[in-house]
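This report goes through a protein chain one part at a time. Keep the structure in view while reading.

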Amino acid sequence: MARPLRLEFPGAVYHVMARGNERRPIFRDDQDRQQYLSRLAHYREKFGFQVLAYCLLTNHVHLAVRTGKFPLSRIMAGLQSSYTQWFNRRHARVGHLFQGRYKAFLVQEDPYLLGLVRYIHENPVRARLVAKARDYRWSSDRSYRQGGGPGWLDTDEVLAALATSRQAAVRRYVELMARGEAPRYEELESVGQVVKGDEEFAVRRFEQAKEPEPLLRGLTEKLVTRVVARARGLGVGELRGPGRRRDLSEARAMAGYIGKRLGGISLSRMARYFHRDGSTLVRDVERFEQRLEKEKDLRRKLEAVVKRLRTGK
């Protein structure tokens, strides 16, 4: 299955979510939680990023961070690997602790940063662990209500966005949590599975990263298949038929890859359109992705199809 892109920019704000493997606990007690925060503080110092907000739940973590010169991927690799090794030693276990890759959204700060902070702090309430966000010990909510927290928690930026004086900012934060006046982050749809923000902001970020626009409005299984078939000199009927030739399998894989990456069309949907088994298309798309990393000619063919879809020609 095609993986979401990684958009890495120095100084960008990210909403990071890391879940336990098979949804199992990554924190068994408060000592585990404290150790995670200690390691978060350590890597903040080592890599020079900011921790704007956090919330530790039993089987997953939410972080709001602003990166520095080191990319988010390096930060999270160090943090998760280090904590996993400690956790496994302490609890006499082996194997993965976290579920694959962490998920990260690049967030448009204005106007969504305050909404993101509120969303992170409201997680224990949505999980029905507490009645009020202020009652949960393992988030940064209490630090904001007190006007500051440990030295590794960067509350100044968010509080300054609320008011010029610290006292007034704390009062506005309490009102924000009570009434939810900021744009509601949880209602904001993601663009390309990696950006939370307006479409114009998302497109600009993808262009800066030299990546194609991730989502194309109106993209359907039928449209992707028609454009891929025409580009590869094949018929749509051939791609939807029983044929197993190599060129047909490659074209189906390209269509599946494009549909997933640019239109959010699941591989199961594409497989049904092709009258194929879902696992077969997943396997073929994985092979297609591996070939893309090595074969320039295949990348050129892919770029030509994407260009046709984007321009409508």
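A residue is called buried when its relative accessible area is under 20%. The model shown here is a predicted one. In helix 7, which spans residues 199–208, the buried residues are Phe201, Ala202, Val203, Arg205 and Phe206. These buried residues pack against strand 4, strand 5 (190–191) and strand 6.

## Strand 4 and its partners

Strand 4 covers residues 103–107, and four of its five residues are buried. Strand 1 (residues 13–19) runs antiparallel to strand 4, and five bridges join the two. Within this pairing, Met17 stands opposite Lys103 of strand 4.

Strand 4 is also joined to strand 6 (residues 195–196), here by two bridges and in a parallel arrangement. One of the pairs is Leu106 with Val195, the latter in strand 6.

In soluble globular proteins, nonpolar side chains tend to be buried together. The largest nonpolar core of this model has 72 residues, and Val16, Tyr36 and Leu63 touch the most other members. Helix 2 (residues 72–91) supplies the largest share of this core, with seven residues. There is also a second, separate core of 31 residues, with Leu234, Leu239, Ala251 and Met270 among its members.

Which residues does Val16 contact, leaving aside its neighbours within four places in sequence? They are Val61, His62, Leu63, Val65, Leu72, Met76, Tyr102, Lys103 and Ala104.

## Val51 in strand 2

Val51 belongs to strand 2, which runs over residues 50–56. Is Val51 buried or exposed? Its relative accessible area is 0%, so Val51 is buried. Neighbours within four places in sequence aside, Val51 is in contact with Leu40, Arg44, Ala64, Val65, Trp152, Leu153 and Asp154.

Gly192 lies 141 residues from Val51 along the chain, and the C-alpha atoms of the two are separated by 25 Å.

## Thr225 in helix 8

Thr225 is part of helix 8, residues 221–231. Thr225 counts as buried because its relative accessibility is 0%. A polar atom of the Thr225 side chain lies 2.8 Å from the backbone oxygen of Glu221.

An α-helix has 3.6 residues a turn, so residues three or four places apart point the same way. Not counting residues up to four places away in sequence, Thr225 touches Val236, Leu239, Met270, Tyr273 and Phe274. Of these, Leu239 and Met270 are included in the second core.

Terms used
Residues are numbered from 1 along each chain as its sequence is written. This is a predicted model: local features need pLDDT of at least 70, side-chain atom pairs count only at pLDDT 80 or more; totals for chains, interfaces and linings use all residues. Side-chain values use heavy atoms; hydrogens and water are left out. Buried means under 20% relative accessible area, exposed over 50%, partly exposed in between (1.4 Å probe, protein chains only). Two strands pair if DSSP finds at least two bridges between them. A polar contact is a pair of N or O atoms within 3.5 Å; within protein, one must be able to donate a hydrogen and the other to accept it, and residues adjacent in sequence count only if both atoms are side-chain atoms. Contact means heavy atoms within 4.5 Å. A nonpolar core is a set of buried Ala, Val, Leu, Ile, Met, Phe, Trp, Tyr and Cys residues joined through side-chain atoms within 4.5 Å.
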